[in-house]
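Subject: Structure handover

Hello,

Here is the structure for you to take over. My notes on it follow below.

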Amino acid sequence: VTYKCLQKKVDAADEKQVLSLCNTLHIDYDGSTVIVDGADITSKLHSDDVDRAVSAVSAIVPLRHFVNDIIKNIAKKINVVVEGRDMTSVVFPNAEFRFYLDASPDARAGRRFNQKVSALSLAEIKKSIKERDALDKNKTEGSLKIASGATVIDTSYLTISEVYAKFKDMLLDTASVPVNVN
């Protein structure tokens, strides 16, 4: 939604304009790509412009409900692993497995910098991350917080493979049936 607001020059601070735009969008996910109005926008989701504007857009409570409903409907159709700042606290509070992945601003900035998706310097990326965290911790709804009962994993010094191995070990230890997110 943030990407489309920027593309259509919709003022992110104008809740009515943002919600009006939302009602025109067709958003879907095919298992690996985010498709909006028939176009794959996955590669555009972590641009500097989107990163700068996403906190303001996502602070619009009716928009959060709109997007969360889309995510829930997608999860009904396919098996998914979802990530996001309020997935375990708001969207799927009763999911069988809930993890809160954390990492220091330094580690997150280094990862983003190394992805080569940003024109910002490492210091600018770190500053942006800290600013977004501060905004997201104070949202009216869907704020950045650890949900009760979620397993916290600090990934600051872990590779993606090491995080995956932690998940796998935890899930195998539970000897549980497949996850039910409803």
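Arg-132 has a relative accessible area of 26% and is therefore partly exposed; here buried means under 20% relative accessible area, exposed over 50% and partly exposed in between, with a 1.4 Å probe and protein chains only. The side chain of Arg-132 meets that of Asp-136 in a salt bridge, 3.2 Å from N to O (a salt bridge is a side-chain nitrogen of Lys or Arg within 4 Å of a carboxyl oxygen of Asp or Glu). Asp-136, in contrast, is buried, at 1% relative accessible area. Both residues lie in helix H7, four residues apart, which is about one turn of the helix. Helices (H or I, at least four residues) and strands (E, at least two) are DSSP runs, numbered from the N terminus.

Before going on, the basis of these notes. This is a predicted model, in which local features need pLDDT of at least 70 and side-chain atom pairs count only at pLDDT 80 or more, while totals for chains, interfaces and linings use all residues. Residues are numbered from 1 along each chain as its sequence is written, and side-chain values use heavy atoms, with hydrogens and water left out.

Salt bridges

The search of the whole structure finds nine salt bridges. One of them joins Lys-126 to Asp-106, with the closest N and O atoms 2.6 Å apart. Lys-126 belongs to helix H7 and Asp-106 to helix H6, so this pair ties together parts that are 20 residues apart in sequence. Lys-126 is partly exposed, at 26% relative accessibility.

Another salt bridge is formed by the side chains of Glu-131 and Lys-127, at 3.5 Å from N to O. These two are four residues apart in helix H7, and about one helical turn separates them. Glu-131 counts as partly exposed, at 42% relative accessibility, whereas Lys-127 is exposed, at 53%. The helix that holds Lys-127, H7, covers residues 122-137. Between Lys-127 and Phe-97 there are 30 residues in sequence and 32 Å in space, taken C-alpha to C-alpha.

Cores

A nonpolar core is a set of buried Ala, Val, Leu, Ile, Met, Phe, Trp, Tyr and Cys residues joined through side-chain atoms within 4.5 Å. The largest one has 14 residues, and those touching the most other members are Cys-5, Val-10, Val-18, Leu-21, Val-57 and Leu-63. Two or more residues each come from helix H1 (2-7), helix H2 (15-22) and helix H3 (48-58). H2 gives the largest share, three residues. Leaving aside residues up to four places away in sequence, Leu-63 touches Val-1, Val-18, Leu-19, Cys-22, Val-57 and Ser-58. Another core lies apart from this one and has five residues, including Ala-75, Met-87, Phe-92 and Ala-95.

Helix H3 is largely enclosed by the rest of the structure, because eight of its 11 residues are buried. Among them are Asp-48, Val-50, Val-54 and Val-57. The buried residues of H3 pack against H1, H2, helix H4 (61-77), helix H6 (105-115) and H7, where contact means heavy atoms within 4.5 Å.

Cysteines

There are zero disulfides in the whole structure, a disulfide being a pair of cysteine sulfur atoms within 2.5 Å. For Cys-5, the nearest cysteine sulfur is that of Cys-22, 6.4 Å away. Cys-5 is buried, at 2% relative accessible area, and Cys-22 is buried too, at 1%.

Aromatic pair

One aromatic pair turns up in the whole structure. Rings of Phe, Tyr and Trp (its six-membered ring) pair if their centres lie within 6.5 Å; planes under 30 degrees apart count as stacked, over 60 as edge-to-face and the rest as tilted. The pair is Phe-99 with Phe-167: their ring centres are 4.6 Å apart and the planes stand at 50 degrees, so it is tilted. Phe-99 is in strand E4 (residues 99-102) and Phe-167 in helix H8 (residues 160-174), so the pair links distant parts of the chain, 68 residues apart. Phe-99 is partly exposed, at 21% relative accessible area.

Sheet

Three strands make an open sheet in the order E1-E2-E3, with antiparallel pairing; two strands pair if DSSP finds at least two bridges between them. Strand E1 (27-29) and strand E3 (39-40) are at the edges with a single partner strand each, so one side of each has no neighbour in the sheet. Strand E2 (residues 34-36) is joined to E3 by two bridges. Ile-35 stands opposite Asp-40 in E3.

Regards
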